[in-house]
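Subject: Structure for you to look at

Hello,

Here is the structure I promised to pass on. Please open it before reading further. My notes come after it.

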Amino acid sequence: MGWRKVVMVDRRVSRGSGHHIPGEPGLWVMFMGDLIIFSVFFTTFLNYRNATPSLFHASAMTLNRGFGLTNTILLLTSSLFAAIAVQWYRDGHARAAYYLLVASAALGWGFVAVKIMEYAEKLQTGIQPDTNIFFTLYFVLTGMHLLHVLIGEAVLLAVILKTNDKDTDSLSFVEGGVCFWHIVDLLWIILFSLFYMSK
Amino acid sequence: LAHSRFTLDHSIFSILHVEVNILISAIRRFVVAWLALVSLTLLSFEACALPNNMNQIFNLAILIIAFFKVRIVSLEFMEIRYAHLLLRVIVEGWIWLTLLILILVIAFDVVLFT
């Protein structure tokens with residue numbers, strides 16, 4: 001037991017020394033590629049907003065900002081649970097990590113439910129992707145993000161199953177999977193500011 | 001023998017004590033980060049409802065706050081603060097470069113295509 005604890009403390013010392021890479025290094029090539037693609041999307045959005053500012057302002061006013069705020073809080077809280085889960089798992093408390101990750105995934109499904117309600121509300125009022133350029137970008141970019149949420153949910157499920165497996169040490173897998181979930185969160189933070197908060 | 005056992009127990013106890021302190025400290029950091037993220041979100045949300053006629057400055061402020069939040073998520077939740085220097089440079093590089101490009105696009109009303 002004492003030996004196991006020493007190994008765990010050693011892991012944290014190595015994390016604090018600036019040599020640690022959360023997850024597999026190759027995973028970060030995919031993460032950064034994804035982030036760069038979204039940077040192009042954000043720039044494209046601002047390009048069109050500069051071209052037709054009044055259209056963008058009028059269209060943005062029709063969005064339900066309450067849905068956007070709810071989804072932001074859901075993802076931030078989900079990220080908090082996932083981050084604490086990694087700490088617990090690193091410390092050898094796989095059971096606690098398991099429950100926190102289940103809670104994190106549940107909040108993620110809350111995001112999906114709110115997003116579906118938001119899309120349904122828009123479609124019911126006759127707003128579609130071809131209504132104008134604002135809504136084309138709205139459906140494409142938030143749709144791409146929603147796809148990331150669904151992939152993130154699948155990754156989180158795999159991470160949850162790994163934490164339930166007592167026989168293997170899957171720290172790298174858990175860290176990598178949770179990092180993808182945080183990327184889903186940080187992309188939403190920017191999308192929320194562009195679509196729901198700008199004037 | 002009894003003396004050695006006491007020493008061993010004492011050292012394991014010390015390690016456990018250090019470990020619990022590190023865990024509590026990490027969780028405290030996460031909770032503080034989450035409180036900052038939620039506070040900034042609510043602050044921006046409320047500010048959005050206020051009437052103002054300086055839309056460009058407001059949009060820049062909202063964007064900068066959003067990227068500040070992104071930096072908190074990456075440094076704290078993703079633990080990039082403790083990561084290998086190269087990874088930190090790459091992630092922070094993406095944050096700062098993207099923010100710079102978006103600020104320039106807003107500030108200079110850039111329209112490359114319509």
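Predicted model: local features only at pLDDT ≥ 70, side-chain atom pairs only at ≥ 80, totals over all residues.

The interface

Chain B puts 56 residues in contact with 56 residues of chain A. The area buried between them is about 5000 Å². Carbon and sulfur atoms give 74% of that area. Three residues stand out on the chain B side: B:Phe45, B:Met78 and B:Trp94. Together they supply 14% of what chain B buries against chain A, more than any other three residues.

What about charge and polar pairing? The count between the two chains is 1 salt bridge. A:Arg90 pairs with B:Glu79, with the closest N and O atoms 2.8 Å apart. Polar contacts across the interface come to 13 residue pairs.

On chain B, the elements giving two or more residues to this side are α1 (2–49), α2 and α3 (85–107). α1(B) has the largest share, 20 residues. By class, the side of chain B that touches chain A has 44 nonpolar, 8 polar and 4 charged residues.

The second largest pocket

Its volume is about 160 Å³. Both chains line this pocket: A:Arg49, A:Asn50, A:Pro53 and A:Lys199, with B:Asn55, B:Gln56, B:Asn59, B:Ile106 and B:Asp109. Two elements give two or more residues each: α2 (25–51) of chain A and α2 (55–77) of chain B. α2(B) gives the most, with 3 residues. The lining divides into 2 nonpolar, 4 polar and 3 charged residues.

Best wishes

Terms used
Residues numbered from 1 in each chain as written. Chains lettered and ligands numbered in written order. Heavy atoms only, no water. 1 Å grid on protein atoms, 1.4 Å probe; cavity = no way out; pocket = protein on both sides within 12 Å on 5 of 7 lines; lining within 4 Å. Points joined across faces, edges and corners; volume = space filled by probe spheres on them. Helix = DSSP H or I, 4+ residues; strand = E, 2+ residues; numbered from the N terminus. Nonpolar A, V, L, I, M, F, W, Y, C, P; charged D, E, K, R; others polar. Contact = heavy atoms within 4.5 Å. Buried area = accessible area lost by both parts, 1.4 Å probe. Salt bridge = Lys/Arg side-chain N within 4 Å of Asp/Glu carboxyl O. Polar contact = N/O pair within 3.5 Å; in protein donor to acceptor, adjacent residues only side chain to side chain.
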